[in-house]
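Subject: Structure handover

Hello,

Here is the structure you asked about. Please open it first, then read my notes below.

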Amino acid sequence: MMRRRLTCLSLTGALLMPVMLAMADPLPAPEGPVLLRVSGEIGKTNVDNQAHFDRTMLDALPRQTLDTSTVVTDGVNHFEGFLMRDLLAHVGAQGESAVATALNDYVVDIPLEDFHDFEVLVADSMDGERLTPRDKGPLWIVYPRDDHGELQDIRYDYRWVWQLESLEIR
């Protein structure tokens, strides 16, 4: 019985650790134009119960790269950005899904488990060039589709949100 309680406490602590770490450091206010807004079930905010990020703040997240093909470009592209799971941990996100909204009002509900099961990138550059609103930017949710056969399903293609503007954690 005691072992079960300890295991339960350890598991609870492990699940709450990202939230506790996120709440430890206050989120600074953006100084430049806001590129991304995160709202909903988050533990760290900086503007009206939301987390607003400018380019400098997003660039401060751990950088990652991903080489993969897409259904809307030719060949394999080289993407750079940050992992969605790192962003979610940074704001202390707790929930089951993220409603992603693009500048063109495209909206899709993405299960948060995607971001834990796969190395989903929020790309801000492709093939060495910063993404712009004219070319799927400034932010694009990119899945490692070439690394996982199951990601080549159309259900995942709908989750590749380009011109990402906001996330609502539910």
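Which residue does the side chain of Glu 168 meet in a salt bridge? The partner is Arg 170, at 3.3 Å from N to O. Glu 168 itself is partly exposed, because its relative accessible area is 31%. Please keep in mind that this is a predicted model.

**The whole protein**

The protein has 170 residues, and 44% of them count as buried. Five helices and 10 strands make up its list of elements. The accessible surface is about 9,400 Å². Carbon and sulfur atoms account for 52% of that surface. Now take the contacts between residues at least 6 apart in sequence. Of these, 59% join residues at least 24 apart.

**Salt bridges**

Start with the general idea. Side chains of opposite charge can pair when their charged atoms come close. In this protein the count of salt bridges is nine.

One of them joins Arg 63 and Asp 59, with 3.6 Å from N to O. How exposed are the two partners? Arg 63 has a relative accessible area of 35%, so it is partly exposed. Asp 59 is at 29%, so it also counts as partly exposed. This pair belongs to a network of salt bridges. The network links Asp 59, Arg 63, Asp 124 and Arg 130.

Another salt bridge is formed by Arg 145 and Asp 157. Their closest N and O atoms are 3.6 Å apart. Arg 145 lies in the loop between β9 (140-142) and α5 (154-157), and Asp 157 lies in helix α5, so the pair ties together parts that are 12 residues apart in sequence. Is Arg 145 buried or exposed? Arg 145 counts as buried, because its relative accessibility is 9% and the cut-off for buried is under 20%.

**A negative patch**

Which residues form the negative surface patch? They are Glu 96, Glu 113, Asp 117 and Glu 150. Look at Glu 96 as an example. Its place is in the loop between α3 (84-90) and β5 (97-102). At 70% relative accessibility Glu 96 counts as exposed, because exposed means over 50%.

Phe 53 sits in strand β2. Its relative accessible area is 1%, so Phe 53 is buried. What does Phe 53 touch, leaving aside neighbours within four places in sequence? The list of contacts is Leu 27, Pro 33, Val 34, Leu 35, Leu 36, Val 38, Leu 58, Leu 87, His 90 and Val 91. From C-alpha to C-alpha, Phe 53 and Glu 31 are 8.9 Å apart in space. In sequence these two are 22 residues apart.

Ser 125 is the next one to find. Its place is in strand β7, which covers residues 121-126. Ser 125 is buried, because its relative accessible area is 6%. Again leave aside neighbours within four places in sequence. Ser 125 is then in contact with His 78, Phe 79, Glu 80, Arg 130 and Leu 131.

**Backbone points to check**

Here is the background. Most residues other than glycine have a negative phi, and most peptide bonds are trans.

Pro 138 is found in the loop between β8 (129-130) and β9.

Asp 48 has a positive phi, near 45°. It lies in the loop between β1 (34-40) and β2 (51-54). Asp 48 is exposed, because its relative accessible area is 71%.

Asp 105 has a positive phi too, near 70°. Its place is in the loop between β5 and β6 (107-111). At a relative accessible area of 61%, Asp 105 is exposed.

**Where to begin**

Open the model and find Arg 145 and Asp 157 and their salt bridge. Go on to Phe 53 in strand β2.

Best wishes

How values were computed: Residues numbered from 1 in each chain as written. Predicted model: local features only at pLDDT ≥ 70, side-chain atom pairs only at ≥ 80, totals over all residues. Heavy atoms only, no water. Patch = residues over 30% accessible without salt bridge, like charges linked within 9 Å, V, L, I, M, F, W, Y side chains within 5 Å. Areas by Shrake-Rupley, 256 points an atom, 1.4 Å probe, with all protein chains shown as cover. Salt bridge = Lys/Arg side-chain N within 4 Å of Asp/Glu carboxyl O. Lys, Arg positive; Asp, Glu negative; His and termini not counted. Charge placed at Lys NZ, Arg CZ, Asp CG, Glu CD. Helix = DSSP H or I, 4+ residues; strand = E, 2+ residues; numbered from the N terminus. Buried < 20%, exposed > 50% of the residue type's maximum accessible area, 1.4 Å probe, protein only. Contact = heavy atoms within 4.5 Å.
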